[in-house]
Amino acid sequence: MANSPFRLPLLFLLLGLLAASSTAEIKSLKISSDNRPMILFEKFGFTHTGQVSISVKSVSVTTSLAETDPSRLGFFLLSEESLLQVLLEIQQNPQFCVLDSGYIHRLFTFRDLSPPPQSSFSHSYPVTAPTEYSLFFANCAPESSVSMEVRTEVFNLDRDGSKDYLSAGLTQLPSLYFVFSLAYLAFLGLWIYVGLTNKRSVHRIHLLMGGLLLMKALNLICAAEDKHYVKITGTPHGWDVLFYIFQFIRVVLLFTLIVLIGTGWSFLKPFLQEKEKKVLMIVIPLQVLANVASVVIGETGPFIKDWVTWNRVFLLVDIICCCAIIFPIVWSIRSLRETSKTDGKAARNLAKLTLFRQFYIVVIGYLYFTRIVVFALKTIAAYKYQWVSNAAEEIASLVFYMVMFYMFRPVERNEYFVLDEEEEEAAELALRDEEFEL
């Protein structure tokens, strides 16, 4: 940039591209007195029929200097392959303007604007080299800030000439989400059948589990409709609102359910201890904050100044919640081990310890896969296969739900609690071992 103080935030912005996900939709936004050296508008995977349409109007540049060179402000496309070369250019020369780089595809500068007072420009650009590009605005003018109204439209053309506003790697998402919604609806039907055939063993926790399946299915249906309308029209037509509502209920219910199962509430004891209530009082408000951050991240984009901050908030809150829900499971395991030394019911306690230890491992595996492995897939997968990370996350979630629901299903003669004299003796020996210490 023309100012070396801009170098560090610019490097952070470019490096942030490695973790940013592809966005779509038709976006209209207003920028007011923004002095950022670079603003990221879109990240999109193009096919050989891809196009970018940009319209700007009411453009004004404020500077403390006598004059601003309009060629130092403009829009450009940057591919993933060229990212490292541009970073290297900036590191080698702090005064370097990214608009002068040979690795970018410059679209237009403010020199191309119509004369004031309109100060506008509108044009569509075909993408000749299919890959994943990021649409940037660059401000290389020293001590200047920009105000403007921007409308962006990025899409690929299908064979019939219709526009597809989803990135090349995400165009399969509507079908993917719809298929998984059907799977959860079938799962819910099976869960209701199991409950009806074992009415005397149904506890309040099983009703919450059924509610979780319903919320997950509705969440996926809304996600499918959201992506479908974005795909064909560029706007979600209100389905995004329903998506965020059901996502909020589903996530809060999931974390609450893991905490309640971890405490043994409803099927082992009818009450919660104070420390367990405190965990819920921490997790639920944090999940509200996490969902607010999720809405801000999803409905805005990197073009807002606090976008990176909201991403950090979401990540921090999610980590805290994932750690918090583990504690009740650990407490239950330790409590059962202490109880087994005094109540003389070794086989029953061994069965419970085995159950909660398995549940502990399943929860850890689920959290690790959906947070670490899925993120790695999003980062390393080619832009045409970005849907793979979404599919992996949904498969992992479905497997987790199936295992959790099977472990704590309502059955009259639960195999974990059937007593036998030989098993009782074997259990006493097992409980003397330190196998269940965490």
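Helices in this predicted model are DSSP runs of H or I with at least four residues, numbered from the N terminus. Leu196 is found in helix H3. Its relative accessibility is 54%, and Leu196 therefore counts as exposed, the cut-off for that class being over 50%. Leu196 and Pro410 are separated by 214 residues in sequence, whereas their C-alpha atoms lie 9.5 Å apart in space.

The largest nonpolar core comprises 62 residues. Within this core, the residues with the most contacts are Phe359, Val363, Tyr401, Met404 and Phe405. Two or more residues each are contributed by helices H3 (173–197), H4 (204–233), H5 (239–263), H6 (274–299), H7 (307–324), H8 (326–340), H9 (346–380) and H10 (387–407). The greatest contribution to this core comes from H5, with 12 residues. When residues up to four places away in sequence are not counted, Val363 touches Ile258, Ile325, Ile326, Ile329 and Phe400. Another core, of 29 residues, lies apart from the largest one and includes Leu29, Phe41, Phe110 and Val127.

Helix H6 has 26 residues. From its first C-alpha to its last, H6 reaches 38 Å, close to the 38 Å expected at 1.5 Å a residue. H6 is followed by Gly301, which has a positive phi near 160°.

How values were computed. Residues are numbered from 1 along each chain as its sequence is written. This is a predicted model: local features need pLDDT of at least 70, side-chain atom pairs count only at pLDDT 80 or more; totals for chains, interfaces and linings use all residues. Side-chain values use heavy atoms; hydrogens and water are left out. A nonpolar core is a set of buried Ala, Val, Leu, Ile, Met, Phe, Trp, Tyr and Cys residues joined through side-chain atoms within 4.5 Å. Buried means under 20% relative accessible area, exposed over 50%, partly exposed in between (1.4 Å probe, protein chains only). Contact means heavy atoms within 4.5 Å. The expected span of a helix is 1.5 Å times one less than its number of residues.
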